[in-house]
Amino acid sequence: MRYVSTRGTAPALDFREVTLAGLANDGGLYLPDAWPSLTRDEIAALAGLSYVETAVRVMTPFVGDALSEDELRSLCTQAYGRFSHEAVTPLVQLDHRHWLLELFHGPTLAFKDVALQLLGLLFEKFLTGTDRPLTVVGATSGDTGSAAIDALAGREHVEIFMLHPKGRVSDVQRRQMTTVLAPNVHNIAIEGSFDDAQAMVKAMFNANAAGTGPLGHLRLSAVNSINWARLMAQVVYYFYAAVRLGAPERAVAFSVPTGNFGDVFAGYVAAKMGLPVAKLIVATNVNDILHRALSSGDYSAKGVVATPTPSMDIQVSSNFERLLFDLGGRDGAAMREQMAGFEASKAMRLTNAQLQGAAGLFGSARVDLDDMALAMRWACERAGQVIDPHTAIGLSAARASDLDVPVVTLATAHPAKFRDAVERATGARPALPARIGNLFEREEGYETLPATLEAVAGYIAKTAA
Ligand SMILES: *Cc1c(COP(=O)(O)O)cnc(C)c1O
């Protein structure tokens, strides 16, 4: 399998190269040159398989020759062995129509562990025997950072610099990052928003790709969802859940609390591979650029509003470009032009082909604070489930839809990660699970920097090994 860039000019890569590269050097995002498919019989044969076996079957076509099936199985066994639930991503039934897919049983209590635990192992595997270390630079609105740091701390040949918006991540999220004091882990608190942090990371990658700037000599890589391998790992749980609810005979819908459009894009990939997905509901908070784009074609950035769902507080969704590219006939030149227009004016219209292409599979909803709190209370009082605010955005959107198929809401974070918001809505304060340990007693370490490229790139240049 080869991977091509959404902007058409970066070289095509194989799976090993695309995993190490992150962003394409033409500023685009990589995706497979064609979607592999599983036949109906192959999907039916997933019934009853363990999470790890499902992962091997779903990911093998994407991995190609980069790993043998046994190597892939061994990495999956190691990655998912760190989850606290035997099912890895268990389904919980809420009522006759609604389910939760619990994605938060990994080490840092958010769904990002599912992909990043595997990605950390892929990095180590692919870097063994090379003499150039990998410098991972990332921006996080909270959960990516802690999951990436847990996945990479102490690993050979990799170092990580993680930017978070100062004061805009929860205490649990911050401490999960800043209390990891491994020498290859560097936390940076940016005096700005997540979008500022993400824009700086993009700029550093672009300069690095052009061989310029203070980081020109480093081998940079990404762990945010611009990295293809992350999305690939997330495709697995769509299959795992749908098969348990009757696929391929019965279609299933998913409601996905969405920020950077990575998680829901993995659902799109699953549908492209042949999984009968009735609907993908893109659930946003009041930062609703994706809801506006999918419902009316208006993709225009507004200022970010801070909410109790910080992992969805974005004004621009980087992975949306992958969908627009695929729906727009995979025309790299057209995509380059469309994105240049967006980068200049912070606004663009979806083309008719993109809007109509999305309409069949995607639905969307914007969920405000009241409806979020209502969903948390409903889950608690009617279904006996304490859910986190992000999951509540998804559940609210799921319940507002009127679909006559099973609707699975992706439960993206453990409620204990957002205890204050959960307590405000439901009166119950979720306990920190034992695997988080003494998080509030551990020492923290991080650097605070202004949100300027000079300051951040300069710091990375002088600190990187
Ligand atoms: C990252 C995150 C999201 C958003 O996922 P995307 O892939 O960025 O759309 C939603 N909920 C939680 C808890 C997250 O950590």
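**View 1. Val286 and the residues it touches.** Setting aside neighbours within four places in sequence, Val286 is in contact with Val305, Thr307, Arg366 and Asp368. Like everything in these views, this close-up comes from a predicted model. If you want to find Val286, look in the loop between strand E10 (277–284) and helix H11 (289–296). Is Val286 buried, exposed or partly exposed? Val286 counts as partly exposed, because 18 other C-beta atoms lie within 10 Å, and a residue needs 20 or more to be called buried. For a sense of distance, take Leu163: the C-alpha atoms of Leu163 and Val286 are separated by 24 Å, and the two residues are 123 residues apart along the chain.

**View 2. Helix H5 and its surroundings.** H5 has 16 residues, and from its first C-alpha to its last it reaches 22 Å, close to the 22 Å expected at 1.5 Å a residue. Twelve of those 16 residues are buried, so H5 is largely enclosed by the rest of the structure. Among the buried ones you'll find Lys112, Asp113, Val114, Gly120, Phe123 and Leu127. What do the buried residues of H5 pack against? They pack against helices H1 (15–21), H4, H6 (143–152) and H9 (228–244), plus strands E5 (134–139) and E6 (158–165). Just after H5 comes Gly129, which takes a positive phi of about 90°.

**View 3. Where H4 meets H5.** Helix H4 (residues 69–80) packs on helix H5 (residues 112–127) at an angle of about 135°, and their axes are 9 Å apart. That angle makes H4 oblique to H5. The crossing of this pair is right-handed. On the H4 side, Leu75, Cys76, Gln78 and Ala79 make the contact, while H5 brings in Gln117, Leu118, Leu121, Leu122 and Lys125. Sort the residues of this H4 and H5 contact by class and you get six nonpolar, two polar and one charged.

**View 4. H6 alongside H7.** Here H6 and helix H7 (residues 171–178) pack at an angle of about 30°, with their axes 8 Å apart. The two helices are therefore roughly parallel to each other. H6 passes H7 in a left-handed crossing. Which residues make the contact? From H6 they are Asp143, Gly145, Ser146 and Ile149, and from H7 they are Gln173, Gln176 and Met177. By class, the contact of H6 with H7 has two nonpolar, four polar and one charged residues.

**View 5. H15 across H17.** Helix H15 (residues 369–383) and helix H17 (residues 419–426) have axes 9 Å apart and pack at an angle of about 75°. That makes H15 roughly perpendicular to H17. Look for Ala373, Met376, Arg377 and Cys380 in H15, which meet Val422, Ala425 and Thr426 in H17. The contact of H15 with H17 has five nonpolar residues, one polar and one charged.

**View 6. Helix H8 and what covers it.** H8 (residues 194–209) has 16 residues and stretches 22 Å from first C-alpha to last, close to the 22 Å expected at 1.5 Å a residue. Its buried residues include Phe194, Ala197, Met200, Val201, Met204 and Phe205, along with Asp195 and Asn208. What covers the buried residues of H8? The cover includes strands E5, E6, E7 (185–191) and E8 (220–221), as well as helix H18 (453–463). H8 is followed by Gly211, which has a positive phi near 75°.

Notes: Residues are numbered from 1 along each chain as its sequence is written. This is a predicted model: local features need pLDDT of at least 70, side-chain atom pairs count only at pLDDT 80 or more; totals for chains, interfaces and linings use all residues. Axes are lines fitted to C-alpha atoms, for helices over the stretch in contact, and angles run from 0 to 180 degrees between N-to-C directions. Helices (H or I, at least four residues) and strands (E, at least two) are DSSP runs, numbered from the N terminus. Angles under 35 degrees count as roughly parallel, over 145 as roughly antiparallel, 65 to 115 as roughly perpendicular and the rest as oblique. A crossing is left-handed if the near helix is turned anticlockwise from the far one by less than a right angle, and right-handed if clockwise. Two residues are in contact if their C-beta atoms, placed from the backbone, lie within 7 Å. Ala, Val, Leu, Ile, Met, Phe, Trp, Tyr, Cys and Pro count as nonpolar, Asp, Glu, Lys and Arg as charged, and the others, Gly among them, as polar. The expected span of a helix is 1.5 Å times one less than its number of residues.
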